[in-house]
Amino acid sequence: MKARRVKGLDPAAPLADELQRIVAVRVDEVFGFMPQAADPGQVTALHDLRIATKRLRYVLEIGEGVFGPYAGTAIKRTKDLQDLLGEIHDCDVMSERVRARAEAVAVDDERYVGLEALATFMEARRRVLHRQFVHFWSDLEQKGFRERLEEELAAPA
Amino acid sequence: MAKAREIPGLRADLPYAAAAAATIRVRTQELFDHAEGVLDTSDIERVHDMRVATRRLRAALEIYGPCFEPRLYKGVLSEVKALADALGARRDPDVQLEGLEALAGTMGEAVKPGLEAFGAVLRGDQLAGNTTLAAALEHAGAHDLRGRLDALADGADNRMAA
């Protein structure tokens with residue numbers, strides 16, 4: 001997923017102003033993938049949300065010293081979200097590869113049971129992780145993550 | 001994972017381009033400090049540390065993009081992305097193998113042939129990833145990635161001086 005361009009950034013402008021403008025665009029990108037990503041079948045939306053979250057995390061990390069006190073909490077929240085989405089993505093990639101190998105061997109092949117068990121484990125783990133993600137997102141919304149980011153990062157450290 | 005080094009003099013009122021120059025210098029140093037021994041498959045943490053350093057440098061390049069000379073920037077960013085991809089190609093199977101070995105320890109004998117078969121696939125990925133990484137490191141050295149990153153930082157500083 002290509003990052004949305006932040007227009008009009010000025011190399012001579014104060015760092016905090018320009019980083020705040022980048023954060024505003026990246027937050028908008030992250031929230032743009034919901035509610036689609038709440039559907040476990042929306043693999044692309046989940047993947048794109050992971051990438052958008054990573055971009056938001058990095059700009060927050062770069063600006064941690066110049067943003068307001070909420071930046072540290074926001075970095076932790078985005079890292080936790082990114083880790084969860086990363087694990088879901090890993091399960092998607094691994095289960096597809098393992099499933100393909102399980103389907104390529106005969107049922108009476110000695111490798112079949114292990115490959116089938118591994119694929120089933122990955123698929124089950126993915127379902128659990130997605131439920132955790134939906135709960136995590138709901139918690140972010142309840143705690144006003146977006147609103148706090150937009151309001152408190154505007155107050156320089 | 002190593003904590004990111006602090007950027008000296010980074011303040012809210014610092015010009016965006018001056019912050020770009022300072023950040024790229026520190027993140028470049030971090031990257032090359034972690035380059036030693038990354039092709040050693042017996043110590044998987046070296047690859048991890050260099051991958052994290054590459055991610056931080058790439059993020060800084062993207063966030064400070066408008067502060068750099070466009071042509072030089074485009075080539076450097078593309079090379080840092082290629083290095084990050086190569087590090088990922090080595091790191092991903094490292095992690096997957098660790099996970100598979102941990103899982104194998106919790107499962108019965110009947111599943112072992114299948115898990116071992118998939119482990120062999122991942123070890124093949126690991127070797128291929130090492131070849132990809134060796135080529136990316138050689139390319140970065142041959143094309144003076146470090147010198148071009150320094151030139152990018154100098155260019156951002158010069159924009160402020162002009």
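Predicted model: local features only at pLDDT ≥ 70, side-chain atom pairs only at ≥ 80, totals over all residues.
In chain B, the axes of helix 1 (residues 16-33) and helix 2 (residues 44-63) come within 9 Å and cross at roughly 165°. Because angles over 145 degrees count as roughly antiparallel, helix 1 of chain B and helix 2 of chain B are described as roughly antiparallel to each other, and their crossing is left-handed. Helix 1 of chain B contributes Tyr16(B), Thr23(B), Ile24(B), Arg27(B), Thr28(B), Glu30(B) and Leu31(B) to the contact, while the residues supplied by helix 2 of chain B include Met50(B), Ala53(B), Arg56(B), Leu57(B) and Ile63(B). Sorted by class, the contact between these two helices comprises nine nonpolar, three polar and three charged residues.

A polar atom of the Glu30(B) side chain lies 2.6 Å from the backbone nitrogen of Arg5(B). When residues up to four places away in sequence are not counted, Glu30(B) touches Lys3(B), Ala4(B) and Arg5(B), as well as Ala53(B) and Arg56(B).

The side chain of His130(A) reaches the backbone oxygen of Ala37(A) at 2.9 Å. Not counting residues up to four places away in sequence, His130(A) touches Ala37(A), Ala38(A), Asp39(A), Pro40(A), Leu46(A) and Ile88(A). By contrast, the C-alpha atoms of His130(A) and Ala13(A), which are 117 residues apart along the chain, are separated by 41 Å.

Technical notes. Residues numbered from 1 in each chain as written. Chains lettered and ligands numbered in written order. Heavy atoms only, no water. Axes fitted to C-alpha atoms, helices over the stretch in contact; angles between N-to-C directions. Helix = DSSP H or I, 4+ residues; strand = E, 2+ residues; numbered from the N terminus. Parallel < 35°, antiparallel > 145°, perpendicular 65-115°, else oblique. Left-handed = near helix turned anticlockwise from the far one by under 90°. Contact = heavy atoms within 4.5 Å. Nonpolar A, V, L, I, M, F, W, Y, C, P; charged D, E, K, R; others polar. Polar contact = N/O pair within 3.5 Å; in protein donor to acceptor, adjacent residues only side chain to side chain.
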